[in-house]
Amino acid sequence: MRQLPIIETDPITNPPSTEYERGKWYKKRGYLEKALKSFKDAAQSATTDTTSSGWKEVDLSWLEYGLLSMRMRSYGKAEEAFRTVVLHSGAHAQEALNQWAALLLLQGIPDQTICERLLDETSSFPASNIMVGRSLYYIGAYPFASRCFAEQGSLYSDTCIMYVTCLIMTGQTSEAMQFIDSYLRDSTRQPRELPRPQGSEMAQLSRIRQLCEWSVQHSLPDRFIAMSEALELARTAISLNMISIAEHLLADSGERAYYALICFLYEEGYKGQAISKLHQLEALPLQDQDSYSFKVCFIAAEHLYDLGNYDEAASMLEQLRLASPGHTEARFGEAACYLQSALISLSARLEESYSSPSARKEIELYLDNINAALHVVESTNWHTTWTPAQKRVETSPTMSFLN
């Protein structure tokens, strides 16, 4: 039997002194009700002086309270918390609006209704359309995000990329090309006080335009593009749901390119396609040190974990940990597997009819401790996560006509 990993935790009798930090401390260890109370106390007891350092924690406390309420399915409390942060118009207003949109999506509210509701809530803001457009982009409501961006008028470069993405995702590839051309032409004539596109943003816009050109003209990418640029183009293509172009860019380019393709698909939310390609491998590259090889193996281990095959996942993650001791995600993933296996074993023992009251009490104590340890491990975010938009890419009807 494998030994359960030791998870370092502070005793519950010695949490941090401030309410906000205490809330984070409780949340990390799975004491969710205590965390909720601490975040709410922190938000309500902070000074009303907006120039003080304590004021900075108000929005953070409300945001944490909202996220935790959302996790615990207290949707009304979550919505009120996000609304409070948005109305404060501080540094975390956009993040709160994003999470508010995600909360409404989680409740099954249609995209159009979400758009109308958020526009109404932010109608007094000068940049209401930009803010709501960003939040709709975050949840993958591309048609309505596109309308918001179009109605705003002038866009900064990062928002420009979002708008172009929305156009492509809604089948308006030619319009996206025209907008990029116009934007790049006009950006050279912008007043000095307005921010101009950075080098990385210019490069990304150029890649998107090239992909659009290939898509509109039904032409194939040049096979002689440098591998580094082909990888960046493929990554961008997959983010725009141009998967066939990405596959062509990396075709016949060796194992590393194939591993990269799997990674890009998985990271953008095309998990089914990524796993399908992973299953076509004759063997996993467990001995390779290349980053894409390692990530492919990690994806395979995550998939086993998600299927509940904890022993197999733990074995694979152990090999990855030994091959790369500095990779903390593999270490915490392995710990999560052992803890999940222990929970299953102890839960089965608890259900046995012949368990004595004393044995049941002891098992329940073990279960509580393991659950607390599992919360600590999960708080490291070792597992890949996806945005609400990325979670929709394989199921959204707006995507079906794009390939």
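This is a predicted model: local features need pLDDT of at least 70, side-chain atom pairs count only at pLDDT 80 or more; totals for chains, interfaces and linings use all residues.
Trainee: What is the mean pLDDT of the chain, and which stretches fall below 50?
Mentor: Of the residues in the chain, 89% reach a pLDDT of 70 or more. Over residues 1–11 the pLDDT is below 50, although this stretch has 19 contacts in the model beyond near neighbours in sequence. Residues 398–403 also have a pLDDT below 50, with 16 such contacts. The stretches are therefore 1–11 and 398–403, while the mean pLDDT of the chain is 88.

Trainee: How many residues line the largest pocket, and which helix gives the most to the lining?
Mentor: The space in the largest pocket comes to about 1,400 Å³, and among the elements that give two or more residues to its lining are helix H1 (19–28), helix H16 (291–307) and helix H19 (357–378). By class, the lining has 11 nonpolar, 8 polar and 11 charged residues. The lining counts 30 residues in total, and the helix that gives the most, with 5 residues, is H3.

Trainee: Which residues lie nearest the centre of the largest pocket, and where is asparagine 381 placed?
Mentor: Nearest the centre of the pocket lie Arg71, Glu378, Asn381, Thr385 and Lys391. Asparagine 381 counts as exposed, because its relative accessibility is 57% and the cut-off for exposed is over 50%. Its place is the loop between H19 and H20.

Trainee: What kind of aromatic pair do tryptophan 62 and tyrosine 65 form?
Mentor: The structure holds 13 aromatic pairs. For tryptophan 62 and tyrosine 65, the ring centres are 5.8 Å apart and the planes stand at 85°, and since planes over 60 degrees apart fall in that class, the pair is edge-to-face.

Trainee: Where do tryptophan 62 and tyrosine 65 lie, and are they buried or exposed?
Mentor: Both residues lie in helix H3, where they are 3 residues apart, or about one turn of the helix. An α-helix has 3.6 residues a turn, so residues three or four places apart point the same way. Tryptophan 62 has a relative accessibility of 14% and tyrosine 65 has one of 7%, and because the cut-off is under 20%, each of the two counts as buried.

Trainee: Which helices hold tyrosine 163 and phenylalanine 179, and which aromatic cluster includes them?
Mentor: The rings of tyrosine 163 and phenylalanine 179 have their centres 4.8 Å apart and their planes at 85°, so this pair is edge-to-face. The pair links distant parts of the chain, with tyrosine 163 in helix H9 (residues 157–169) and phenylalanine 179 in helix H10 (residues 173–187). Tyrosine 163 counts as buried at 12% relative accessibility, whereas phenylalanine 179 is partly exposed at 23%. The cluster is formed by Phe149, Tyr163, Phe179 and Tyr183.

Trainee: How many residues of helix H13 are buried, and which helices do they pack against?
Mentor: Helix H13 spans residues 243–250 and is mostly covered, with 6 of its 8 residues buried. Those buried residues are Ile243, Ile245, Ala246, His248, Leu249 and Leu250. They pack against helices H11, H12, H14 and H15.

Trainee: Is aspartate 252 buried or exposed, and what is its phi?
Mentor: Aspartate 252 is placed in the loop between H13 and H14, and at 74% relative accessibility it counts as exposed. Most residues other than glycine have a negative phi, and most peptide bonds are trans. Although aspartate 252 is not a glycine, its phi is positive, at about 55°.

Trainee: Which residues does glycine 90 contact, leaving aside its neighbours within four places in sequence?
Mentor: Glycine 90 is found in the loop between helix H4 (75–88) and helix H5 (93–106), and it is partly exposed, with a relative accessible area of 33%. Its C-alpha atom is separated by 7.6 Å from that of aspartate 59, which is 31 residues apart along the chain. The contacts are Asp59 and Val85.

Trainee: Which residues does asparagine 129 touch, not counting residues up to four places away in sequence?
Mentor: Asparagine 129 has its place in helix H7 (residues 128–138), and at 17% relative accessibility it counts as buried. The residues it touches are Leu119, Cys148, Glu151 and Gln152.

Definitions and conventions: Residues are numbered from 1 along each chain as its sequence is written. Side-chain values use heavy atoms; hydrogens and water are left out. Helices (H or I, at least four residues) and strands (E, at least two) are DSSP runs, numbered from the N terminus. Buried means under 20% relative accessible area, exposed over 50%, partly exposed in between (1.4 Å probe, protein chains only). Contact means heavy atoms within 4.5 Å. pLDDT is the predictor's confidence in each residue, from 0 to 100. On a 1 Å grid over the protein atoms alone, a cavity is a set of points where a 1.4 Å probe fits but cannot get out, and a pocket is an open set with protein on both sides within 12 Å along at least five of seven lines; lining residues have an atom within 4 Å of a point. Grid points are joined across faces, edges and corners, and a volume is the space filled by probe spheres set on the points. Ala, Val, Leu, Ile, Met, Phe, Trp, Tyr, Cys and Pro count as nonpolar, Asp, Glu, Lys and Arg as charged, and the others, Gly among them, as polar. Rings of Phe, Tyr and Trp (its six-membered ring) pair if their centres lie within 6.5 Å; planes under 30 degrees apart count as stacked, over 60 as edge-to-face and the rest as tilted.
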